[in-house]
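Dear colleague,

Please find the structure below, with its sequence.

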Amino acid sequence: MTARTAEEEIRELARDLAPVRPIPRLRSALAAAVVLGLVALAAQWLLGGPGLRAGGVGTWLTLPYLATFAGLALVALGAIGAALAGAVPGREVSSRLGARVAAFGLVLAVAGGLWGIAHGDAPAAGEDLGACLSCIGRAFTLGAAPMLLACAFIVYAAVRRPGLGTALAIAGGVALGAASVHATCPSDSPLHWILAHTLAPVAAVIVLTAPLAALLARWTRRG
Amino acid sequence: MIAAQGGDGVVYEKLLLELLPHVRRQVAGRVGEPAERDDIVQNVLISLHRARHTYRSERPFGPWLRAVVRNASIDWMRARGRRLRHELSLEEVAEPSYQAPLPGEDALSPELEGALASLSENQRKAVELLHVEGLSVAEAAERVGVSPGALKVRAHRGVRALRALVRRDP
């Protein structure tokens with residue numbers, strides 16, 4: 001069936017061999033994504049955006065608030081890690097672990113908000129659609145750079161399932177943005193935290209995965 | 001592999017030749033039909049070549065290689081499945097309305113005989129059984145010892161090759 005033997009194929013591959021740069025360590029790529037997220041947050045603050053949440057330590061150290069923040073951070077690290085590892089042969093276990101961490105983070109963040117609503121620690125209403133959309137928009141903006149970095153990595157590596165890799169990169173990047181938003185948003189409403197912070201990565205995955213995955217698949221084929 | 005990443009073709013060729021028996025063994029463990037193994041091995045070699053930059057020296061080589069071989073084999077089999085489904089659906093659309101010739105009647109023209117002889121053994125056998133002897137797909141498949149699907153694909157490819165040969169040589 002085949003026109004040439006495997007040995008001939010090997011000789012041809014060796015003849016056309018070009019030097020390549022090995023992919024960066026996964027840890028370094030993940031750290032770079034987090035740093036990019038922090039740089040975006042700092043840049044936004046320098047450009048007149050909101051600073052860290054005011055009101056003293058007390059406003060930070062409530063269980064629902066911390067659970068939401070920790071959950072978003074886990075979604076960010078887990079999903080970006082899973083996207084990066086999923087594009088490297090032999091790192092499937094790390095990829096699955098990252099996806100599980102992200103899923104746990106999402107559950108934790110939602111549970112944190114629901115806990116706040118159930119116990120009435122903070123007002124559960126009073127949030128209009130505009131405030132929610134503003135926070136979701138900020139999460140998208142702050143998460144864009146880490147998301148694109150993760151996408152660039154998976155295109156350069158050897159991604160097999162561009163759809164899944166892209167969805168994870170989007171979820172991770174926007175979750176990082178949402179964690180930044182959560183740290184700066186003045187709202188005390190757990191309902192707002194769920195709708196505008198925790199669900200921002202989910203919304204991003206729904207809206208952005210199809211076009212970005214198509215783009216990535218095209219780049220991957222060209223590469 | 002690190003030397004290969006640097007562009008050393010001689011070392012790379014040696015490495016791939018050394019890996020070839022391992023790759024063949026791993027592919028043989030996944031694919032039953034020997035005829036398909038060579039295709040998959042070559043596909044694996046190309047995948048390995050394309051993914052060579054994803055190996056990092058601080059990570060063990062074995063799991064990386066096994067993952068590349070596994071992924072390339074799975075991708076190849078999925079692509080083959082898609083091809084088969086496509087070709088079978090084409091076959092169903094254009095089911096040949098063939099009637100076997102009566103005894104004594106000339107079955108094939110000399111041109112067609114020549115074209116048939118130039119097909120591969122598998123394709124020629126499939127075409128002869130289905131279109132010359134007039135067996136059913138199930139009977140022909142049983143006689144050759146392959147699945148009906150595989151026989152239909154061989155026959156379809158054979159007919160396509162015959163058509164191309166006859167068109168080229170009017």
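The notes below cover the conventions, the contact between the chains, the salt bridges and the surface.

This is a predicted model, in which local features need pLDDT of at least 70 and side-chain atom pairs count only at pLDDT 80 or more, while totals for chains, interfaces and linings use all residues. Residues are numbered from 1 along each chain as its sequence is written, chains are lettered from A and ligands numbered from 1 in the order in which they are written, and side-chain values use heavy atoms, with hydrogens and water left out.

Chain A brings 29 residues to the contact and chain B brings 37 residues (contact means heavy atoms within 4.5 Å). About 2,800 Å² is buried between the two chains, with 61% of this given by carbon and sulfur atoms; buried area is the accessible area (1.4 Å probe) that two parts lose on being put together, summed over both. Of the area that chain A buries against chain B, 23% comes from A:Ile10, A:Leu17 and A:Arg160, more than from any other three residues.

Over all chains there are six salt bridges (a side-chain nitrogen of Lys or Arg within 4 Å of a carboxyl oxygen of Asp or Glu). Between chain A and chain B the count is three. One salt bridge joins B:Arg70 to A:Glu92 at 3.4 Å, N to O. Another links B:Glu58 with A:Arg25, whose closest N and O atoms are 3.8 Å apart.

The accessible area of the whole patch is about 710 Å², by the Shrake-Rupley method with a 1.4 Å probe.

Yours sincerely

Terms used:
Patch = residues over 30% accessible without salt bridge, like charges linked within 9 Å, V, L, I, M, F, W, Y side chains within 5 Å.
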